[in-house]
Amino acid sequence: MTFSVEIADPRTEPEPFGWSEFRRERGLPAVWDYTLLALEAWPARNPPSLVVVRLGSRIVAGLSVLVCRARLRPAYAPPPGRRDRAPVPRWVEVSQPWLSGFPGIVVADELDDGARAVLLRTVERALARRLGPLLAGVLYRSVDERTARVLRGRARMVRQVDTVSVLPNDFRDADHWMDSLSKARRKSLRRALRTVDQHVTAGRLTVSVGPARDDLCGSEIAALVERHRAEHGISALDSRSALPGSYFHSFVRRTDVHTLTYHDGEGRLVALNTWLDHPHGLVKQHWAALSPADGGLRDLLFDSYLRAVRHVTSRGVPELSAGRSPHEVKRSLGFVARPVYGVAVPRPVLGR
């Protein structure tokens, strides 16, 4: 079985032929859209590229890859087509950086484990050719157990690195879900929801949710998301750059993106949550909120969970995915932990 690999820089190179059709057939969420990848890539220190793998002319896999540079390097990647002048090592992360707990790899269902192993090693060799001798290795983030097994091999480091929180939809409605929780959690949740309802009734809060929101300002969303990230601490291992307002302007206007917003009585955005449609469930994605000290409300996070559960139970969605930490909060809300793995492949064994 012989695979061919195409690596496309969305900043300057056209979308690979057939990618939109593959994305639709696989039901991939909005973050895989090539236009959004370009908006994400332009201001990034570690811009994403799209790797497509073909069997003959047919796409059988897609990978989101970030070419990463040390934080001491300039804030932005070199312009497209221009190489770094400083001979410093770099590494590739295969990840979907804004989809917590999901891998940056999508493979056609008909490929068995043996074919997947060949495919991924073919991609590694293509990345090594593209990036040259300064490539230190490849890091696969948040892969599932099957992909971790396929990637095992000599000198390849495979570890369970975290879990992703998933709520299987076994409920008639949101009340049924709430009845399944512990007495203490039900009590605190109902108290939180009453507080939110009181603010809405008093006109101090406006709550809106729906797809294709054309009433929102992308720059305001971007500022709130980045402020929330900064206040909660950006890890030294976080390779992401801030998403620009242009990204969110396009993102929230999509029919497959639902946006839940909370505005105060003066019209200021104090919290938001984006939800992504996916064939296997709903993904609770970006969450950002002002702290109570800055005018936010402590109970809005729990309100967002109730509204997401209402969505999946009313539409028969199979599950609700809510990313990674804080795990203890999500466990108390009935979510179960699904393991995710990290795989580090150093340069000497790339493609082997």
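Analyst: Welcome! On a 1 Å grid over the protein atoms alone, a pocket is an open set of points with protein on both sides within 12 Å along at least five of seven lines, whereas a cavity is a set of points where a 1.4 Å probe fits but cannot get out. Lining residues have an atom within 4 Å of a point. Points are joined across faces, edges and corners, and a volume is the space filled by probe spheres set on them. The model is predicted, so to speak of local features a pLDDT of at least 70 is needed, side-chain atom pairs count only at pLDDT 80 or more, and totals for chains, interfaces and linings use all residues. Residues are numbered from 1 along each chain as its sequence is written, and side-chain values use heavy atoms, with hydrogens and water left out.

User: What volume does the second largest pocket have, and which residues lie nearest its centre?

Analyst: The volume of the second largest pocket is about 840 Å³. Its lining has 32 residues, and those nearest the centre are Phe 102, Pro 103, Asp 144, His 278 and His 280. Two or more lining residues come from each of strand 5 (105-107), strand 6 (135-143), helix 4 (145-151), strand 7, strand 11 (281-289), strand 12 (319-321) and strand 13. Helices (H or I, at least four residues) and strands (E, at least two) are DSSP runs numbered from the N terminus.

User: How does the lining of the second largest pocket divide by class?

Analyst: That lining has 16 nonpolar, 8 polar and 8 charged residues. Here Ala, Val, Leu, Ile, Met, Phe, Trp, Tyr, Cys and Pro count as nonpolar, Asp, Glu, Lys and Arg as charged, and the others, Gly among them, as polar.

User: Let me look at Phe 102. Where is its place, and what does it touch?

Analyst: Phe 102 sits in the loop between strand 4 (90-94) and strand 5. Contact means heavy atoms within 4.5 Å; not counting residues up to four places away in sequence, Phe 102 touches Gln 96, Ser 142, Val 283 and Ser 321. Phe 102 and Val 283 are 181 residues apart in sequence, yet their C-alpha atoms are 9.9 Å apart in space.

User: Is Phe 102 buried, exposed or partly exposed, and what about Ser 142?

Analyst: Buried means under 20% relative accessible area, exposed over 50%, and partly exposed in between (1.4 Å probe, protein chains only). Phe 102 counts as partly exposed because its relative accessible area is 22%. Ser 142 counts as buried because its relative accessibility is 9%. Ser 142 belongs to strand 6, and its phi is near 55°, a positive value in a residue other than glycine.

User: Which residue stands opposite Gly 137, and how many bridges join strand 6 and strand 13?

Analyst: Two strands pair if DSSP finds at least two bridges between them. Strand 6 and strand 13 have 5 bridges, in the antiparallel sense, and Gly 137 faces Pro 346 in strand 13. Strand 7 also pairs with strand 13 in the antiparallel sense, over 9 bridges, with Asp 162 opposite Val 340.

User: Which residues are in contact with Arg 229?

Analyst: Leaving aside neighbours within four places in sequence, they are Trp 98, Ile 234, Asp 238, Arg 240, Ser 241 and Ala 242. Among these, Trp 98, Arg 240 and Ser 241 also line the largest cavity. Arg 229 lies in helix 7 (residues 218-231) and counts as buried because its relative accessible area is 11%. A polar contact is a pair of N or O atoms within 3.5 Å; within protein, one must be able to donate a hydrogen and the other to accept it, and residues adjacent in sequence count only if both atoms are side-chain atoms. One of 2.9 Å joins the side chains of Arg 229 and Glu 226.
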